[in-house]
Amino acid sequence: MNRSAVLKWEEMYDARLSMMNRDYMVDDWSKRSDDYSESRKTDNYRYGRSVHEILFKNGVVSPKTRMIEVGSGPGTFVIPFADKISHVTAVEPADGMKERIRENAKEAGLSNFDILSSIWQEVDVDGLSKSFDLTISSTVIWMFRDIVEQIRRMEKVSSGYCCLCAGIDSKAHTGDELWNALLGDKPRPTFPEYPLTYDILYEEGIHPEVRIIEHESRRSPENIMKMHQVFFNLFTDMNPDKEEIIRDHVMNHLENGQYVMRFKTAVIWWKARDM
């Protein structure tokens, strides 16, 4: 089997890791729970609702659907899906993110969800075999070096479909200006998702459907500064001078008092194979 896409994925993963002082830890996501929650709630969860609309129109989800979300964060899909389908299971290890899920669900008046407190790689997929109608994940798969194994695990728990929502611009979350101000000419990492994920699926014999959506996130100055501090601390030792550079960057790029980031995301889905 031709595995050129998988090899490219592994090479990019290893290259990114070699640039970092350390890899992400679960606690990093707890530190980011406030900013991440704020971003996902933009325009009343417009991102998640757009994904649901696409999947509903194409017969992937219905009011009877039971869904598992891999790497839920603050409820990326839990909140916008739970009021339209039967049940959502959120796989999320970070305490801060789990707190945001509960808070956001309470705010939305939702209770048809549960939280599986674990990283996805440690979930007992044999025990959950074919328990769900849909496995879904958003901008998480870049964390998996063994992407094919994790995709197969996603298929294992689904009796219906799998869906990956993959970012198209892998550098959109930092921007050249801020990266160069803090790290000079140090090479920037890439977080490959789409179209490389499509190529990997194709090599696996999967021919998925794809739709492209545009969306944005809005954060307060305080939350976007925290986001940048957590991110850049993985690549350099933060100090007051660097924090001031981040602050100046943020304050010079506000739109009506908020920091706006615009994205394109590929919504990729396919019928889960028997694993």
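How close do the axes of helix α3 and helix α6 come, and at what angle do they cross?

**View 1. Helix α3 against helix α6.** In this predicted model, the axes of α3 (residues 33-40) and α6 (residues 95-108) come within 9 Å and cross at roughly 40°. That makes α3 oblique to α6 (under 35 degrees is roughly parallel, over 145 roughly antiparallel, 65 to 115 roughly perpendicular, the rest oblique). On the α3 side, Ser33, Asp34, Tyr36 and Ser37 meet Gly96, Met97, Arg100 and Asn104 of α6 (contact is heavy atoms within 4.5 Å). By class, that's two nonpolar, four polar and two charged residues.

**View 2. Aromatic rings around Phe77.** The structure holds ten aromatic pairs (ring centres within 6.5 Å, with the six-membered ring used for Trp; planes under 30 degrees apart are stacked, over 60 edge-to-face, the rest tilted). Take Tyr47 and Phe77: their ring centres sit 5.7 Å apart with planes at 35°, so this pair is tilted. Tyr47 belongs to helix α4 (residues 42-57), while Phe77 is in the loop between β1 (66-70) and α5 (78-82), 30 residues apart. Phe77 also pairs edge-to-face with Phe81, at 5.3 Å centre to centre and 65° between the planes. Tyr47 counts as buried at 6% relative accessibility, as does Phe77 at 0% (buried is under 20% relative accessible area, exposed over 50%, partly exposed in between, with a 1.4 Å probe and protein chains only).

**View 3. An aromatic cluster.** Tyr24, Trp29, Tyr36 and Trp142 form one cluster of aromatic residues.

**Notes.** Residues are numbered from 1 along each chain as its sequence is written, and side-chain values use heavy atoms, leaving out hydrogens and water. As this is a predicted model, local features need pLDDT of at least 70 and side-chain atom pairs count only at pLDDT 80 or more, while totals for chains, interfaces and linings use all residues.

How values were computed. Axes fitted to C-alpha atoms, helices over the stretch in contact; angles between N-to-C directions. Helix = DSSP H or I, 4+ residues; strand = E, 2+ residues; numbered from the N terminus. Nonpolar A, V, L, I, M, F, W, Y, C, P; charged D, E, K, R; others polar.
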